[in-house]
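This report describes selected features of the structure shown below.

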Amino acid sequence: MSDSTVVAHAAPEHGHEEHPAYLRHHFENTAQQADAAGFAMWLFLLTEVMFFGGLFTAYLIYRNWYYPAFVEASHQLNVVWGTLNTAVLITSSFTMAMGVWCAEMRKQSGLVLCLILTFILGLGFLGIKTVEYKEKIEKHHVPGFHYSLKSFVDPQSDPEIYKEYHDKPLALDMARHTEVYFSLYFVMTGMHALHMIIGIAILGFMIFRARAGAYTAGHVTFVENFGLYWHFVDIVWIFLFPLLYLISRHQ
Amino acid sequence: MTDQREMEESQHHVVSPLIYIIVGSSLLVLTGVTVWASFQEWGNFNAVAALAIAVVKAMIVVLFFMHVKYSSKLTKLTVFCGLFTFLTLVGMTLADYISRAWGSW
């Protein structure tokens with residue numbers, strides 16, 4: 001009885017203070033709300049770290065087991081495309097960070113511009129990835145879908161492909177183990193590309209919302225947390241690039 | 001006093017564009033360095049160098065682009081705990097693979 005009286009009296013004092021429309025009632029103030037959202041975003045990103053971490057560990061172990069085959073297979077990747085893609089992705093991370101800054105400074109046109117640039121750079125990354133995937137399909141280097149040992153053991157069997165790439169033939173057991181490398185290559189870059197596609201879709205949505213002025217009225221949580229996601233995807237690529245493209249390049 | 005300090009800590013810090021420009025260009029430079037390093041003949045240190053540069057790049061992204069340097073203690077602790085758990089899991093997995101008697105059965 002007495003408890004409910006206390007609650008009934010306490011509620012009006014707290015409930016009807018002036019506050020921004022976006023502040024949910026279960027939060028004390030906007031700073032607490034933003035902190036809670038940021039904390040939750042980081043927890044989500046940590047599950048993503050574990051997910052990609054498992055793939056990186058698998059890569060590490062198989063690379064130790066089939067080292068020569070992994071060296072040979074990694075030479076099949078084009079460093080120029082890989083470097084270009086890294087630059088594109090880092091630039092998109094930069095434009096995204098600038099977008100968060102614009103949202104915080106309430107610069108609407110700046111935010112829209114940054115989001116569009118990030119969107120375009122993200123598509124550019126996927127475009128370059130498509131060129132690389134297309135080459136792998138042409139060369140029959142896609143495990144489980146389009147894979148031929150012959151293309152490794154006897155590259156001259158397909159004169160058109162040989163004319164373009166001049167691959168040297170591999171021994172049969174080594175050729176078989178390159179399949180492990182390419183499986184990991186496609187799973188890792190494929191999962192990374194899927195994250196990019198999801199990110200680009202959300203970016204498209206955000207561009208429309210930003211044009212309507214949704215993020216430049218003080219409530220920047222969505223832009224900020226999307227920024228965290230986009231930078232995380234960038235970090236995954238920062239590790240994928242040296243591990244898949246570069247690590248055995250000198251041999 | 002404590003309230004005031006808490007207020008200051010939760011005050012939203014806006015990172016200036018200048019820092020973003022510095023961070024973005026240093027990431028591009030480090031990308032160039034890692035490509036250059038991969039063509040050098042350093043034996044086992046090629047892998048070490050590649051991973052070291054990647055870790056530095058990732059740290060720069062986490063600290064500045066992802067604002068962890070300017071975040072609350074809760075965020076810092078969350079990130080640290082996550083990375084610690086991740087490294088522990090990878091370390092234990094690798095320890096298992098290294099310490100088995102491969103080939104003797």
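Where is the place of R106(A)? R106(A) sits in the loop between helix 4 and helix 5 of chain A. Helices are DSSP runs of H or I with at least four residues, strands are runs of E with at least two, and both are numbered from the N terminus.

The model is predicted: local features need pLDDT of at least 70, side-chain atom pairs count only at pLDDT 80 or more, and totals for chains, interfaces and linings use all residues. Residues are numbered from 1 along each chain as its sequence is written, while chains are lettered from A and ligands numbered from 1 in the order in which they are written.

A residue is buried if 20 or more other C-beta atoms, placed from the backbone, lie within 10 Å of its own, exposed if 12 or fewer, and partly exposed in between.

| Residue | Phi | Other C-beta atoms within 10 Å |
|---|---|---|
| R106(A) | near 60° | 14, partly exposed |
| H140(A) | near 60° | 16, partly exposed |

H140(A) lies in the loop between helix 5 and strand 1 (141-142) of chain A. Helix 5 (residues 108-138) of chain A has 31 residues and reaches 45 Å from its first C-alpha to its last. Its buried residues include L111(A), L115(A), F119(A) and F125(A).

Chain B is divided into domain 1 (11-68) and domain 2 (72-105), with bounds from an automatic or database domain assignment. The centres of these two domains of chain B, taken over C-alpha atoms, are 23 Å apart.

Key
The expected span of a helix is 1.5 Å times one less than its number of residues.
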